[in-house]
Amino acid sequence: MTQSPLSAAYAALLLRLSLGVMYLAHSVVLKWLTFTLTGTAQYFQSIGLSPTLAYLTFFAEAVGGVLLILGIQSRWVTLALLPILVGALGVHSGNGWVFTATGGGWEYPLYLIILSVAQALLGDGAYAISPSRPLHLKRQLVQGGALPVQRELR
């Protein structure tokens, strides 16, 4: 069964919007409105990170979420946000699987890492204001049958 370029473009759009809303909510609702930026900075400090990193994380997630929703260089935005998710995965890795566990588990950051990588591979999808340039994977990987040869819809 082959996938139409149109359905792939709408699938990438759906993923892009979902990730954008998640990053924006995680930044504004969780870090700003729920814990406050001062509280978030204190939490970062309590786990041995610089409090300044809390403000940078808030800013990166908020701006990244808006850029994803608008479809501005989505591939590169998701790749740029990966270090935040990898950091969250590291922070929560000792707390068990479920994110509702005390201190939060690691399944949600890992899931978001996978979704972000999928977005980077898929591209921006439909209705992107400023589509990203395609990722250039090694030609042997594509020709060897590991990846289908497919043109990107812009």
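This is a predicted model: local features need pLDDT of at least 70, side-chain atom pairs count only at pLDDT 80 or more; totals for chains, interfaces and linings use all residues.
Two residues are in contact here when they have heavy atoms within 4.5 Å of each other.

Residues are numbered from 1 along each chain as its sequence is written, and side-chain values use heavy atoms, with hydrogens and water left out.

**Stop 1: the whole protein**

Switch to a cartoon view. You'll find 6 helices and 0 strands, running α-α-α-α-α-α from the N terminus. Helices (H or I, at least four residues) and strands (E, at least two) are DSSP runs, numbered from the N terminus.

The accessible surface comes to about 9,300 Å², and carbon and sulfur atoms hold 70% of that; areas are from the Shrake-Rupley method with a 1.4 Å probe, and for residues only the protein chains shown count as cover. Of the 154 residues, 31% are buried. Buried means under 20% relative accessible area, exposed means over 50%, and partly exposed is in between (1.4 Å probe, protein chains only).

**Stop 2: the core**

Select Leu15, Leu19, Met22, Tyr23, Leu68, Val77, Leu81, Leu82, Leu85, Leu112 and Ile113. These 11 residues are the largest nonpolar core. H1, H4 and H5 are the elements that give two or more residues to it. A nonpolar core is a set of buried Ala, Val, Leu, Ile, Met, Phe, Trp, Tyr and Cys residues joined through side-chain atoms within 4.5 Å. In soluble globular proteins, nonpolar side chains tend to be buried together.

Zoom in on Leu82. Setting aside neighbours within four places in sequence, Leu82 is in contact with Ile113, Ser116 and Val117.

**Stop 3: Gln119**

Go to Gln119 in helix H5 (residues 107-122). Is Gln119 buried or exposed? Gln119 counts as buried because its relative accessible area is 0%. Its side chain reaches the backbone nitrogen of Arg16 at 2.8 Å and the backbone oxygen of Gly123 at 2.5 Å. Such a polar contact is a pair of N or O atoms within 3.5 Å; within protein, one must be able to donate a hydrogen and the other to accept it, and residues adjacent in sequence count only if both atoms are side-chain atoms. Beyond neighbours within four places in sequence, Gln119 is in contact with Ala12, Leu15, Arg16, Leu19, Arg75, Thr78 and Asp124.

**Stop 4: the salt bridge**

Select Glu61 and Lys31, which form a salt bridge with the closest N and O atoms 2.9 Å apart. The pair links distant parts of the chain, 30 residues apart: Glu61 is in helix H3 (residues 51-70) and Lys31 is in helix H1 (residues 5-34). The rule asks for a side-chain nitrogen of Lys or Arg within 4 Å of a carboxyl oxygen of Asp or Glu, and the count comes to 1 salt bridge. Side chains of opposite charge can pair when their charged atoms come close. Both partners are tucked away: Glu61 is buried at 3% relative accessibility, and Lys31 is buried at 6%.

**Stop 5: Ser18**

Back on helix H1, pick Ser18. Ser18 is partly exposed, at 41% relative accessibility. Its side chain reaches the backbone oxygen of Leu14 at 2.8 Å.

**Stop 6: the surface patch**

Color Tyr43, Ile47, Leu49, Leu53, Leu56 and Val91. Together they form a nonpolar surface patch with about 460 Å² of accessible area. Patches are made of residues with over 30% relative accessible area and no salt bridge; like charges are joined within 9 Å, and nonpolar side chains (Val, Leu, Ile, Met, Phe, Trp, Tyr) within 5 Å. Tyr43 sits in helix H2 (residues 37-46) and is partly exposed at 37%.

**Stop 7: the loops**

Which residue lies in the loop between helix H4 (74-92) and H5? That's Trp97, exposed at 51% relative accessibility. Not counting residues up to four places away in sequence, Trp97 touches Gly105, Trp106 and Glu107.

Finish with Thr36, in the loop between H1 and H2. Its phi is near 65°, a positive value in a residue other than glycine. Gln73, in the loop between H3 and H4, also has a positive phi, near 50°.
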